[in-house]
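This briefing sets out selected structural features, grouped by topic. Please read it alongside the sequence and the coordinates.

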Amino acid sequence: MEKITSFTIDHLKLLPGVYVSRKDNVGEEIVTTFDIRMTRPNFEPVINTAELHAIEHLGATFLRNHKEYGESILYFGPMGCRTGFYMLLKGDHESNEIIPLLKEMFEFIKNFEGEVPGACAKDCGNYLDINLPMARYTSAKYLDEVLSDISKERLIYPE
């Protein structure tokens, strides 16, 4: 079998950042898939499932309710390797265009207080595995260390 594109990226050179993973034609639309890489693969610890799950609930809720981007958000969810998230957005986009949106989203998560949306047995298949304090910490760290002053090398996949 042929490797899928995401397995051809050199994960030993990949830094936390925001990357265009792929662009697909779906009918007459383009769908852009973003790699929102929060930790450095194979160098840093992965994100624990409980905070990953909380970020997923809060991020998806925030994005789908966003005034400007809400109707273009197709998906926001964790990577299996637990080093970040994928976001699928309707339209032809570049990484630098969505940095303000991601800053807004991670600021929202960093400051979120109260019940995590959908964190109950009726709404979620694993509602007990959610850690809001660590989701807030992880989001603040990503904001401060990556998004606040993101460099070009963190917007384009390494060669």
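In this predicted model, Glu51, Ala54, Ile55 and Leu58 of helix 1 are in contact with Leu132, Met134, Ala135, Thr138 and Ser139 of helix 3. Of the residues in this contact between helix 1 and helix 3, six are nonpolar, two are polar and one is charged. The points below begin with the geometry of this contact and continue with aromatic groups and individual residues.

**Helix packing**

- Two packed helices are described by the angle between their axes and the distance between the axes.
- Helix 1 spans residues 49-64 and helix 3 spans residues 132-147; their axes come within 8 Å and cross at roughly 80°.
- Because angles of 65 to 115 degrees count as roughly perpendicular, helix 1 is roughly perpendicular to helix 3.

**Aromatic pairs and a charge over a ring**

- A pair of aromatic rings is described by the distance of the centres and the angle of the planes.
- With ring centres required to lie within 6.5 Å, the count comes to five aromatic pairs.
- The ring centres of Tyr19 and Tyr157 are 4.9 Å apart and the planes stand at 10°, so this pair is stacked; the cut-off for stacking is under 30 degrees.
- Tyr19 belongs to strand 1 (residues 17-26) and Tyr157 to the segment after helix 3, so that the pair links distant parts of the chain, 138 residues apart.
- Tyr19 and Tyr157 are both buried.
- One aromatic cluster is formed by Phe62, Phe108 and Phe112.
- Arg40 places its charged end over the ring of Phe43, at 3.7 Å from the ring centre.

- Ser21 is located in strand 1, and its relative accessible area of 14% makes it buried, the limit being under 20%.
- Not counting residues up to four places away in sequence, Ser21 touches Thr5, Thr33, Phe34, Asp35, Tyr86 and Tyr157; Tyr157 is also a member of the stacked pair with Tyr19.
- Ser21 and Leu155 are 134 residues apart along the chain, and their C-alpha atoms are separated by 11 Å.
- Val31 is part of strand 2 (residues 29-37) and counts as buried, with 8% relative accessibility.
- The residues that Val31 touches, leaving out those up to four places away in sequence, are Arg22, Lys23, Asp24, Val26, Leu74, Leu88, Leu89 and Gly91.
- Leu88, one of the residues touched by Val31, has its C-alpha atom 6.6 Å from that of Val31, and the two residues are 57 residues apart along the chain.

**The loop between strand 2 and helix 1**

- Thr39 lies in the loop between strand 2 and helix 1 and, at 9% relative accessibility, counts as buried.
- Neighbours within four places in sequence aside, Thr39 is in contact with Pro16, Glu44, Pro45, Val46, Ile47, Arg82 and Thr83.
- The C-alpha atoms of Thr39 and Arg154 are separated by 12 Å, and the two residues are 115 residues apart along the chain.
- Asn42 is found in the loop between strand 2 and helix 1, and with a relative accessibility of 63% it counts as exposed, the limit being over 50%.
- The phi angle of Asn42 is near 65°, a positive value in a residue other than glycine.

**The loop between strands 3 and 4**

- Arg82 is in the loop between strand 3 (73-78) and strand 4 (84-90).
- Although Arg82 is not a glycine, its phi is positive, at about 65°.
- Arg82 has a relative accessible area of 27% and is therefore partly exposed.
- Arg82 is also among the residues in contact with Thr39, which lies in the loop between strand 2 and helix 1.

How values were computed
Residues numbered from 1 in each chain as written. Predicted model: local features only at pLDDT ≥ 70, side-chain atom pairs only at ≥ 80, totals over all residues. Heavy atoms only, no water. Axes fitted to C-alpha atoms, helices over the stretch in contact; angles between N-to-C directions. Helix = DSSP H or I, 4+ residues; strand = E, 2+ residues; numbered from the N terminus. Parallel < 35°, antiparallel > 145°, perpendicular 65-115°, else oblique. Contact = heavy atoms within 4.5 Å. Nonpolar A, V, L, I, M, F, W, Y, C, P; charged D, E, K, R; others polar. Phe/Tyr/Trp six-rings, centres within 6.5 Å; stacked < 30°, edge-to-face > 60°. Buried < 20%, exposed > 50% of the residue type's maximum accessible area, 1.4 Å probe, protein only. Lys NZ or Arg CZ within 6 Å of the ring centre and 35° of its normal.
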